[in-house]
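Keep the model open beside them as you read.

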Amino acid sequence: MNLHKLTIQQARAGLEQRDFSSVELVNSLLERIEKLDGEIGAYITVDSEGARRAAAEADDLLAKGKRAPLLGIPIALKDLLCTKGVKTTCASRILEDFVPEYDATVVSMLKKAGAVIIGKTNLDEFAMGSSTENSGFHITRNPWNRDHVPGGSSGGSAAAVSARMCTAALGTDTGGSIRQPASHCGVVGIKPTYGRVSRYGLVSYASSLDQIGPITRDVMDSALLLNVICGHDSFDSTSANVAVPDFTSALTRFDTDGLKGMKAGIPKEFLSVKGLDPDVEKFFNNARNTLEGLGVEMVEVSLPQTDYAVAAYYVIAPSEASSNLARFDGVRYGLRDTSAQDLIDMYKKTKSRGFGAEVQRRIITGTYALSAGYYDAYYGRATRIRAMIRDDFNRAFENCDIIISPVAPTPAFKIGENVDDPLTMYLTDIFTLSTNMAGLPGISVPCGFSATGLPIGLQIMATHFDEMALLKTGYGLEKTLGLQNKFPDI
Amino acid sequence: MKITQKDVEYIAHLARLEVDETLVDKFAGQISRILQYIDKLKDADISGAGLMAGAALQNNVFREDVVQNSPGPDVTLANAPERHEDFYTVPRVVG
């Protein structure tokens, strides 16, 4: 039996019926990592020993008849989430040897639900990037075509799920970092509503935009993971005290007839974006027709600030980053340069040795935008445009239940193609970053393959805290297209 | 907005960074292009728009100020690059 191929739902059924053990499931994935990850580079740390130990404990509990949503299921974590006793590097040299003293809230929740943490996945350093090429350690390759990037910044998690090197994974999304790699790797990814999932123990990049979410093989698995990780946490003051619906059982009962009468908005500004790939456009239209076939009515909506969204985002995110990353000063944790003679020199040498080029670029851009004399022109204006983006969405949602769009303008680009051109790389976030600006939830669901065999996803967005609408629409699309059963031939 | 190598060095100093000599020129070009793109914000009509506070929920968050257990110095200082007993140590600050 190819245990590595199983979804969470399938693995859970097999474990509960004692068809196989969690140790066997973990070993099957570890063998696959051993065989493939040298080439793919999805992981930074593989915790074989910890995973086998947790799996054996899960097997004991299963034998005693205990049941929990993720009991014995191997999950990979983006290496930006703190794990007690297991290195958490943020793909940065500055945290190369950092071993946290505590678990992030989501990690505690996963463990409480019985999950086995199999390893920590690669990312763009501190989640700054759209290709996972900015990792301080190594690049990650797209399992569908190894000459292409997996997307980013959660590229390691998406590649590991796609290549069947974990059963499911968590990523983080600040401007599209879950949805874009999920789209590029042919898997499902959700950025929940801001505040839905606690950020405690997530190393901050841009605190007002960051959100943790699932990356899985199908929509049902995402629903299951969401039910485990959503909920209020007093350790995160931005965590929302809002009831969490039972996504999983709602989907279990769901019939695609349930989409009849739903209204989907298509933002007119999105389809006139320059550089939209013909295959992306073709499969967007195909997905739209599929949804129409399921009874979803299409309406045109307008998001007038779209033209300013990327510019506003690339003021707000680096500004927050320049403040958040000031903590890596060599005093309390992480790297310290010991050659410095005085304190200021130690700060400077430590950061410059520890941070890669993209991180330094964003710190400088953010520091500039916040500096005296420029604050109103940059940060002040960007924050006002952010409020206008949110108001645009609120107006659009008066006429529709969901909004659909492509995830990225093109399928995964080639490794090295944009590496020296940060601005072009930033512009690829156009369809995803507005939901972070507005705090809305979004999902990427596979909807087709380019002529060259690269996966393409559809983005579905909904109002605050309506992840259910994303899951139901995504589930309807998945059931009709059947792409969840396709995976790279490796 | 175009920024020079000197600007890069000055902003880097404000951010307590020491940009590698070989990168200063490259950064000046790349960051200038980014700032030129961001300058389009100046064309946006922001009249009447408020500042955005809170992405999804607009309420403030309060809690009772209750004393809780602290993890203690061994846990807190476990990752210290250098320490002396229960203190972090840094290079000498005063003469």
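In which sense do strand β4 (residues 168–173) of chain A and β6(A) pair?

1. They pair in the antiparallel sense, over five bridges. Two strands count as paired if DSSP finds at least two bridges between them. One bridge to look for links A:Thr172 with A:Ile212 of β6(A).

2. A quick word on the source: this is a predicted model, where local features need pLDDT of at least 70, side-chain atom pairs count only at pLDDT 80 or more, and totals for chains, interfaces and linings use all residues. Residues are numbered from 1 along each chain as its sequence is written, while chains are lettered from A and ligands numbered from 1 in the order in which they are written.

3. Back to β6(A): strand β5 (residues 188–191) of chain A also runs antiparallel to β6(A), joined by two bridges. Here A:Gly189 has A:Ile215 of β6(A) as its bridge partner. Strand β6 (residues 211–216) is mostly covered, with six of its six residues buried. Buried means that 20 or more other C-beta atoms lie within 10 Å of the residue's own (12 or fewer is exposed, in between is partly exposed; C-beta atoms are placed from the backbone). Helices (H or I, at least four residues) and strands (E, at least two) are DSSP runs, numbered from the N terminus.

4. Now try A:Leu3, in the segment before α1 (8–16) of chain A. A:Leu3 is buried because 22 other C-beta atoms lie within 10 Å. Leaving out residues up to four places away in sequence, A:Leu3 touches A:Phe20, A:Glu24, A:Leu25 and A:Ser28. A contact requires C-beta atoms, placed from the backbone, within 7 Å.

5. The largest nonpolar core has 161 residues, and A:Ile75, A:Val116 and A:Ala312 touch the most other members. The helix α10(A) gives the most to this core, 11 residues. Apart from it lies another core of seven residues, including A:Val149 and A:Phe413. Such a core is a set of buried Ala, Val, Leu, Ile, Met, Phe, Trp, Tyr and Cys residues joined through C-beta atoms within 7 Å.

6. Finally, the partner chain: 55 residues of chain A are in contact with 43 residues of chain B. On the chain A side, α13(A) provides the largest share, 11 residues. That side divides into 27 nonpolar, 16 polar and 12 charged residues. Ala, Val, Leu, Ile, Met, Phe, Trp, Tyr, Cys and Pro count as nonpolar, Asp, Glu, Lys and Arg as charged, and the others, Gly among them, as polar.

Note on methods: Two residues are in contact if their C-beta atoms, placed from the backbone, lie within 7 Å.
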